[in-house]
Amino acid sequence: MTARRYRLRRAAPLLGLLLTVAACSGGPDTDGGPAQATPAPSGSVAAVCDKQPAGPAAAPAGAVVVDPAVPGDLAAKTRSAGPGTTFWLKPGKHILGDDKYDQVSPKDGNVYVGAPGAVLDGRKINQYAFTGHAANVKINYLTVQGFAAPHDEGVVNHDSGDGWVIEHSTIQDNDGAGLMAGARQQVRGNCLRRNGQYGMNAYSGSTPITALVVEGNEIAGNNTGDWEAKIEGCGCSGGIKFWDVNGADVRGNWVHDNHGTGLWADTNNNDFLIEGNLVENNDSAALIYEISYNAIIRDNTIRKNNWVDGRRYADKSDNFPTSAIYISESGGEPRVKARTAKIEISRNYLENNWSGITLWENADRFCNSPANTSSGDCTRLVPSVKECAAPAITGGALRSDCRWKTQHVDIHDNKFVLDPAVVGCQASCGRMGLLSNFGTYPDWSPYRGDDVQESITFKQDNRWHDNSYAGPWTFIAHSADRVLEIGEWEGAPYSQDSGSTFTAQGGG
């Protein structure tokens, strides 16, 4: 888990049942200016909570019928049936038993289908709903609620089994994470809401998750436990958290009103496509991409995010540009295989967020540094943490490869709209950031001084260009105390936002 900031210390519809986000469409302006992102129409979001399609009213052929009048019937019939069995849960409230470890342990290929009104309820007694390492399990048309998973654990697919498919289900009002993830998991058309820590925690320990699909879901109101307040700097909350995921498509979701970050990729993620989502009204950033690699972030509508965190920083007179999209020690790396060799942020529409996009690199954070809060993790370019130590780290390939670098970030053809009266801020909002801190720690670090500040600002191929701005935008470059007006940002030595347009008034 990682602290987010320095402290010196194309979306396809799902079988016609979902309305996905058609967030932005890029195309040239009639005046020959940059391509413009346009806001999503209000009716085009994945508003699936309380609007789920009904499951089958009768048991599918060959299915085992599960009776809600019999406590523990689902778990018992799962134990007695073989792999590949389909279970149909009759209408009503299904319970598992009175022990906290009463749970369902599927077998490979099992299918769980809810009838209209079928609910699996943990009653805040049971910790987990579906556990174990079975592969290719399917859960459809089922509500799962009221489970008391511990911190950092999850309710559905607790042990991150591979190949699970969760569709048209509601996972709500649980502690911990409503859903965990395994390789090749597909999460489509679900309502993930009001869970205590995360809607989904895509984490599977020592085995990276591959080929994850998250499409057409409504992800809302999660982190009811307010974990960032309980554990300062834990980085352990939000709509979805991704850890060490190698290949993910995150498309057409409505991510809103989470008490923290909307979508957060943290620690050695790679090869993400984040496309066509509507992300709004989250207390913290809409999207954080942290110590990770190679991503395409396009055609999203992002609005009214980070108001809570932004005000908190402003009240402390902290000048850090708290942003809607926060790229932290992450960048393009051609040696890490992916569909792109950069982070490309394009054709997005960002309206009335606290600030815009921040590219940040902590000079003191690198593999084997005590300042790396993802302790025990090294970059994808160095196999062992122990290699990143003095004196070897002071020269050669290790000096470069022991760092997660914010590099090769291409920000273009986005529209940024800010009306300070809507946001409720005059001075510290409406910013872009390209910066680092002055390196000081540890004493054997080869990155002390302004080396990283100079690199992220001038040497690591980070570019804004061909964007459109409406409203009073300012820019922070090199260090947090260097606030630039438009002309300074466009001029030497920064030379940013060539081909971009600026208008003074905010508005759609």
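Trainee: Does N258 count as buried or exposed?
Mentor: We are looking at a predicted model, where local features need pLDDT of at least 70, side-chain atom pairs count only at pLDDT 80 or more, and totals for chains, interfaces and linings use all residues. Residues are numbered from 1 along each chain as its sequence is written, and side-chain values use heavy atoms, leaving out hydrogens and water. Buried means under 20% relative accessible area, exposed over 50%, and partly exposed in between (1.4 Å probe, protein chains only). The relative accessibility of N258 is 0%, so this residue counts as buried.

Trainee: What separates the C-alpha atoms of N258 and A220?
Mentor: Start with the setting: N258 is in the loop between β19 (254–256) and β20 (263–266). Along the chain, N258 and A220 are 38 residues apart, and the separation of their C-alpha atoms is 5.5 Å.

Trainee: How many strands does the chain have?
Mentor: Helices (H or I, at least four residues) and strands (E, at least two) are DSSP runs, numbered from the N terminus. By that count, the chain has seven helices, and its strands number 37.

Trainee: What is the radius of gyration of the chain?
Mentor: That radius is taken over C-alpha atoms, and the globule rule to set beside it is 2.2 Å times the number of residues to the power 0.38. For 508 residues the rule gives 23 Å, and the chain is close to this, so it is as compact as a globular protein of that length. Along the principal axes, the C-alpha atoms fill a box of roughly 70 × 55 × 40 Å. The radius of gyration itself is 23 Å.

Trainee: Nice. What percentage of the residues count as buried?
Mentor: The cut-off is the one we used for N258, which counts as buried. Applied to the 508 residues of the chain, it gives a buried share of 61%.

Trainee: How far apart are the mean positions of the positive and negative charges?
Mentor: Lys and Arg count as positive and Asp and Glu as negative, while His and the chain ends are not counted. Each charge is placed at NZ of Lys, CZ of Arg, CG of Asp or CD of Glu. There are 45 positive and 58 negative charges, and the distance between their mean positions is 3 Å.

Trainee: Which kind of aromatic pair do Y203 and W243 form?
Mentor: Rings of Phe, Tyr and Trp (its six-membered ring) pair if their centres lie within 6.5 Å; planes under 30 degrees apart count as stacked, over 60 as edge-to-face and the rest as tilted. The count by this rule is 18 aromatic pairs. For Y203 and W243, the centres are 6.2 Å apart and the planes make 75 degrees, so the pair is edge-to-face.

Trainee: Which ring does K241 lie over?
Mentor: A charge sits over a ring if NZ of Lys or CZ of Arg is within 6 Å of the ring centre and within 35 degrees of the ring normal. One such case is R403, at 4.6 Å from the ring centre of Y447. K241 is another, lying 4.0 Å from the ring centre, over the face of W264.

Trainee: What is omega for the peptide bond from Y441 to P442?
Mentor: Most peptide bonds are trans. Here the bond from A390 to P391 is cis, with omega near 5 degrees, and P391 is in the loop between β29 (357–361) and α4 (396–401). P442 is in the loop between β32 (431–436) and α6 (451–459). The bond from Y441 to P442 is also cis, with omega near -10 degrees.

Trainee: What is the phi of E329?
Mentor: Most residues other than glycine have a negative phi. D299, in the loop between β24 (293–298) and β25 (301–303), has a positive phi of about 60 degrees. E329 is in the loop between β26 (325–328) and β27 (343–346) and counts as buried at 1% relative accessibility. Its phi is positive too, at about 45 degrees.
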